[in-house]
Amino acid sequence: MHKVVHVRPVDDMIGHEESAFCVCGPVGKQAPSDLGLIFQHHALLPCHEWEASGQAE
């Protein structure tokens with residue numbers, strides 16, 4: 001099973017989609033041991049709180 005995790009800023013000025021096509025242009029990186037992908041979203045403002053959410057594909 002392949003897992004995808006999105007790490008998104010909580011208190012940014014825009015809402016971030018849980019998608020590789022989010023307007024912030026998140027970068028996907030392979031997780032250790034080929035467990036899946038981690039998409040790091042980009043904050044438009046300095047953010048102090050982040051959340052991670054994932055799903056199996």
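Me: Let's start with Met13. Is Met13 buried or exposed?
Reply: Met13 counts as exposed, because its relative accessibility is 58% and anything over 50% goes in that class. Keep in mind that this is a predicted model.

Me: And where is Met13 found?
Reply: Met13 is in the loop between β1 (3-9) and β2 (27-30).

Me: Which residues form a nonpolar patch on the surface?
Reply: That patch is made up of Met13, Leu44 and Leu45. Together they have about 310 Å² of accessible area.

Me: OK, switching to charges. How many salt bridges does the structure hold?
Reply: There are two salt bridges. In one, Glu18 pairs with Arg8, and the closest N and O atoms are 3.7 Å apart. That pair links distant parts of the chain, with Glu18 in the loop between β1 and β2 and Arg8 in strand β1, ten residues apart.

Me: What about Glu51 and Arg8, how do their side chains meet?
Reply: In a salt bridge as well, at 2.9 Å from N to O. Here too the pair links distant parts of the chain: Glu51 sits in strand β4 and Arg8 in strand β1, 43 residues apart.

Me: Is Arg8 buried or exposed?
Reply: Arg8 counts as buried, because its relative accessibility is 11% and the cut-off for buried is under 20%. Glu18 is partly exposed, with a relative accessible area of 33%, and Glu51 is partly exposed too, at 38%.

Me: New topic, cysteines. How many disulfides does the count come to?
Reply: Zero disulfides. Cys22 is in none, and the nearest cysteine sulfur, that of Cys24, is 3.8 Å away.

Me: What about His41, where is it found?
Reply: His41 lies in the loop between β3 (36-40) and β4 (50-56). With a relative accessible area of 1%, His41 is buried.

Me: So what is His41 in contact with?
Reply: Leaving aside its neighbours within four places in sequence, His41 is in contact with several residues, including Arg8, Cys22 and Cys24, which we've already talked about. Also among them are His6, Val7, Pro9 and Trp50.

Me: Which side chain does His41 join in a polar contact?
Reply: The side chain of His6, with a polar contact of 3.0 Å.

Me: Last one, Gly25. Where is its place?
Reply: Gly25 is in the loop between β1 and β2. Gly25 counts as partly exposed, at 37% relative accessibility.

Me: How far is Gly25 from Gln40, C-alpha to C-alpha?
Reply: Their C-alpha atoms are separated by 9.0 Å, and the two residues are 15 apart along the chain.

Technical notes:
Residues are numbered from 1 along each chain as its sequence is written. This is a predicted model: local features need pLDDT of at least 70, side-chain atom pairs count only at pLDDT 80 or more; totals for chains, interfaces and linings use all residues. Side-chain values use heavy atoms; hydrogens and water are left out. Helices (H or I, at least four residues) and strands (E, at least two) are DSSP runs, numbered from the N terminus. Buried means under 20% relative accessible area, exposed over 50%, partly exposed in between (1.4 Å probe, protein chains only). A polar contact is a pair of N or O atoms within 3.5 Å; within protein, one must be able to donate a hydrogen and the other to accept it, and residues adjacent in sequence count only if both atoms are side-chain atoms. Contact means heavy atoms within 4.5 Å. Patches are made of residues with over 30% relative accessible area and no salt bridge: like charges are joined within 9 Å, nonpolar side chains (Val, Leu, Ile, Met, Phe, Trp, Tyr) within 5 Å. Accessible areas come from the Shrake-Rupley method with a 1.4 Å probe; for residues, only the protein chains shown count as cover. A salt bridge is a side-chain nitrogen of Lys or Arg within 4 Å of a carboxyl oxygen of Asp or Glu. A disulfide is a pair of cysteine sulfur atoms within 2.5 Å.
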